[in-house]
Amino acid sequence: MIATDPQDIQNLRDGGKVLAGALRTAAALVAPGVTTAELDLAAEKYIRDNGGVPAFLGYTPDGMKSAYPAVLCVSINNEVVHGIPRDTIVLEEGDIVSLDLGLSFNGLFVDSAITMGVGEVDDTARKLMAATVEATHAAIKAATVGNKTGDIGAAIEDVAHRTGFSCVEDLGGHGVGKAVHEKPYIPNEGPAGIGEKIVEGMVLAIEPMLAEGKGAIVLAPDQWTYAMRDGKRAAHVEHTVLITKDGPEILTKE
Ligand code: MF3
Ligand code: CO
């Protein structure tokens with residue numbers, strides 16, 4: 001959406017804070033032996049206790065065959081996005097886990113994700129997660145009035161190449177605000193200078209995904225989880241930002 005109404009902007013800011021708190025709450029539970037269903041439950045409770053409504057539960061993104069069955073997406077190691085939480089999936093020491101969450105607050109939608117280690121993780125995992133955070137900050141910095149969506153992708157690709165990782169193919173960011181997924185599509189790799197012009201008031205979900213190996217993905221048999229084709233690990237970080245004339249404002253932080 002293009003947010004111009006101060007009340008809409010306030011709802012997006014308030015929703016962003018609730019979302020950040022829900023992710024913080026779920027992240028605090030991450031430890032060896034915890035099931036991904038427990039994280040889902042904690043995120044749902046935090047959202048509902050704070051006046052939000054889970055946005056992914058029952059939502060069918062374009063191109064998917066069914067409604068998403070949970071509140072949180074939990075994607076482990078070689079999984080990149082849309083992993084379904086289950087009481088049979090137990091986190092293990094050394095895993096890297098992405099928590100991706102969306103909510104609406106007074107009818108306006110925000111979307112955010114983090115990737116973190118379970119207990120001690122190896123050096124490559126730490127570098128992959130740090131590079132993805134760095135790519136996110138570079139991508140957000142490129143989201144300024146007058147730039148184009150391709151400039152965001154190019155910023156992500158720059159960081160990937162500089163840090164020795166690859167960009168996950170075929171997935172990207174998106175407009176958000178009135179719905180979970182809106183136009184414009186935001187590429188997660190270059191080239192710069194192409195795509196839609198970024199304008200004041202745009203609400204964008206910027207979500208770099210970097211991979212340890214090659215960028216190709218596969219859809220798992222559950223028809224939801226996207227995983228890396230080569231079985232290597234990926235990391236994912238996402239923020240919802242409001243484009244102001246003074247620069248991008250990150251909404252999904254406390
Ligand atoms: N954050 C996810 C994305 O932008 C949204 C997940 S939609 C769901 O793709 F249906 F999988 F929940
Ligand atoms: Co998203």
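The paragraphs that follow take up these topics in turn. This is a predicted model, in which local features need pLDDT of at least 70 and side-chain atom pairs count only at pLDDT 80 or more, while totals for chains, interfaces and linings use all residues. Residues are numbered from 1 along each chain as its sequence is written, chains are lettered from A and ligands numbered from 1 in the order in which they are written, and side-chain values use heavy atoms, with hydrogens and water left out.

The largest nonpolar core has 55 residues, and Val80, Val97, Leu99, Leu101 and Val168 have the most contacts inside it; such a core is a set of buried Ala, Val, Leu, Ile, Met, Phe, Trp, Tyr and Cys residues joined through side-chain atoms within 4.5 Å. Buried here means under 20% relative accessible area, exposed over 50% and partly exposed in between, with a 1.4 Å probe and protein chains only.

The cobalt ion (ligand 2) is coordinated by Asp111 (OD), His174 (NE2), Glu207 (OE) and Glu238 (OE) at 2.1 to 2.2 Å, where donors are N, O and S atoms within 2.8 Å of the metal (3.2 Å for Na, K and Ca) and, as water is not among the atoms, sites may look incomplete. Asp111 is buried at 3% relative accessible area, and Glu238 is buried at 0%.

Nine salt bridges are found in the whole structure, each a side-chain nitrogen of Lys or Arg within 4 Å of a carboxyl oxygen of Asp or Glu. In one of them, Glu249 pairs with Arg13 at 2.7 Å between the closest N and O atoms; Glu249 is partly exposed at 23%, as is Arg13 at 30%.
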